[in-house]
Amino acid sequence: MQRWLTSVASLATVLVATGPGSAADAAVVPALCASIDRNIAHAQNWLEAGDFKSLSQAASGMELLAAVLQSQGDDDTWQEAIERLVAAAMAVRTSAQAEDPAAAGSALMNLAAANTALAKLTPTGQPLPPPKAKLRSLMLLMDGVRGEAKIALIAGNTEKAKNQAHVLSELGRVVSNLRSGERWARLSDEFTAASLAAAKSPSLDAQALRPLLRVVSQRCDACHDIR
Ligand code: HEC
């Protein structure tokens with residue numbers, strides 16, 4: 001099954017790489033799908049290690065990414081494809097919570113297949129408001145995505161690092177939606193703007209991208225400093 005999953009994941013990567021063009025908004029769906037792929041790989045490792053707590057946490061992150069994908073368009077084709085993804089992500093979490101490795105394994109396969117199918121589609125409807133999220137799941141997800149961006153940058157894969165920044169910009173909209181108040185809105189908008197600046201950086205040079213990602217981290221810290 002490991003091999004099967006790996007090949008589904010790499011197939012999805014190919015599809016993502018050859019997906020919609022480089023227009024800013026068209027890049028969001030492939031970036032989110034690629035992020036789910038990365039998390040599926042992590043989840044597979046947690047499952048093999050029998051670490052159900054980490055598996056459940058990874059599943060919560062994937063549920064959140066699925067919900068963000070869901071908000072990208074209100075058209076029926078997109079919403080139907082998303083339903084499969086959302087259901088599979090939820091099944092990964094519930095089977096992790098039940099500590100059922102067989103169910104978790106098959107839910108992960110369903111999730112990988114749903115994600116691959118989704119990566120071929122483009123939402124055509126109106127965008128929906130960002131989803132509601134639990135603060136802790138959201139923060140742990142953002143921490144993971146930021147870590148992936150750093151690793152990609154160190155590896156010199158700027159395209160991947162920018163993809164992660166795109167995911168962070170979408171998650172910034174979810175953060176913004178979490179609480180009311182002027183200060184929260186300002187801090188989360190500044191975070192989203194910094195993430196977008198990194199995501200849309202025209203340069204493919206790691207040296208040029210590094211300071212932009214540093215600003216993203218500073219925007220994380222700026223919000224944490226006020227609590
Ligand atoms: C607009 C505000 C805001 C932004 C932006 C923000 N955070 Fe947070 N973060 C919070 C709040 C509020 C908490 C919870 C504070 C507490 O527990 O006192 C938190 C908690 C956390 C935690 C601890 C979670 C736990 O309970 O274990 C991590 C990790 C974290 N954030 C990472 C990040 C990262 C990484 C970024 C940027 C990529 C980021 N945050 C951006 C507001 C923000």
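**Entry 1, confidence.** I looked up the confidence before anything else. The protein has a mean pLDDT of 89, and 89% of its residues are at 70 or more. I then checked the start of the chain. Over residues 1-24 the pLDDT stays under 50, and the model gives this stretch 37 contacts beyond four places in sequence. Where pLDDT is low, predicted coordinates should not be read in detail. I left that stretch there.

I asked how the axes of helix H4 (residues 76-97) and helix H5 (residues 101-119) cross. They come within 8 Å and cross at roughly 160 degrees. Angles over 145 count as roughly antiparallel, so H4 is roughly antiparallel to H5. I noted the crossing of H4 past H5 as left-handed. On the H4 side, the contact includes Ala81, Ile82, Leu85, Ala88 and Val92. On the H5 side I listed residues including Ala103, Ala107, Leu108, Leu111 and Ala114. By class, this contact of H4 with H5 divides into 16 nonpolar residues, three polar and one charged.

Next I looked at helix H3 (residues 52-70) against H6. Their axes are 9 Å apart, at an angle of about 90 degrees. That value lies in the range of 65 to 115, which means H3 is roughly perpendicular to H6. H3 makes the contact with Gln57, Ser60, Gly61 and Leu64, and H6 with Ser137, Leu138, Leu140, Leu141 and Gly144. I recorded four nonpolar and five polar residues in the contact of H3 with H6, and no charged ones.

I then took up H8 and H9, whose axes are 9 Å apart and pack at about 165 degrees. H8 and H9 are therefore roughly antiparallel to each other. Their crossing is left-handed. From H8 the contact takes in Leu187, Glu190, Phe191, Ala194, Ser195, Ala197 and Ala198. From H9 the residues include Leu209, Leu212, Val216, Arg219, Cys220 and Cys223. I noted 13 nonpolar residues, one polar and two charged in the contact of H8 with H9.

Which residues come nearest to the ligand? Of the 18 residues around the ligand, I found these to be Met139, Ser188, Phe191, Cys220 and Cys223. Among them, Phe191, Cys220 and Cys223 also belong to the contact between H8 and H9. I traced the shell to its helices: H6 (135-154), H7 (158-178), H8 (182-199) and H9 (206-225) each supply at least two residues. H6 gives the largest share, seven residues. By class, I recorded eleven nonpolar, two polar and five charged residues in the shell around the ligand.

Notes: Residues are numbered from 1 along each chain as its sequence is written. This is a predicted model: local features need pLDDT of at least 70, side-chain atom pairs count only at pLDDT 80 or more; totals for chains, interfaces and linings use all residues. Axes are lines fitted to C-alpha atoms, for helices over the stretch in contact, and angles run from 0 to 180 degrees between N-to-C directions. Helices (H or I, at least four residues) and strands (E, at least two) are DSSP runs, numbered from the N terminus. Angles under 35 degrees count as roughly parallel, over 145 as roughly antiparallel, 65 to 115 as roughly perpendicular and the rest as oblique. A crossing is left-handed if the near helix is turned anticlockwise from the far one by less than a right angle, and right-handed if clockwise. Two residues are in contact if their C-beta atoms, placed from the backbone, lie within 7 Å. Ala, Val, Leu, Ile, Met, Phe, Trp, Tyr, Cys and Pro count as nonpolar, Asp, Glu, Lys and Arg as charged, and the others, Gly among them, as polar. pLDDT is the predictor's confidence in each residue, from 0 to 100. A residue is near a molecule or strand if its C-beta atom, placed from the backbone, lies within 6 Å of it.
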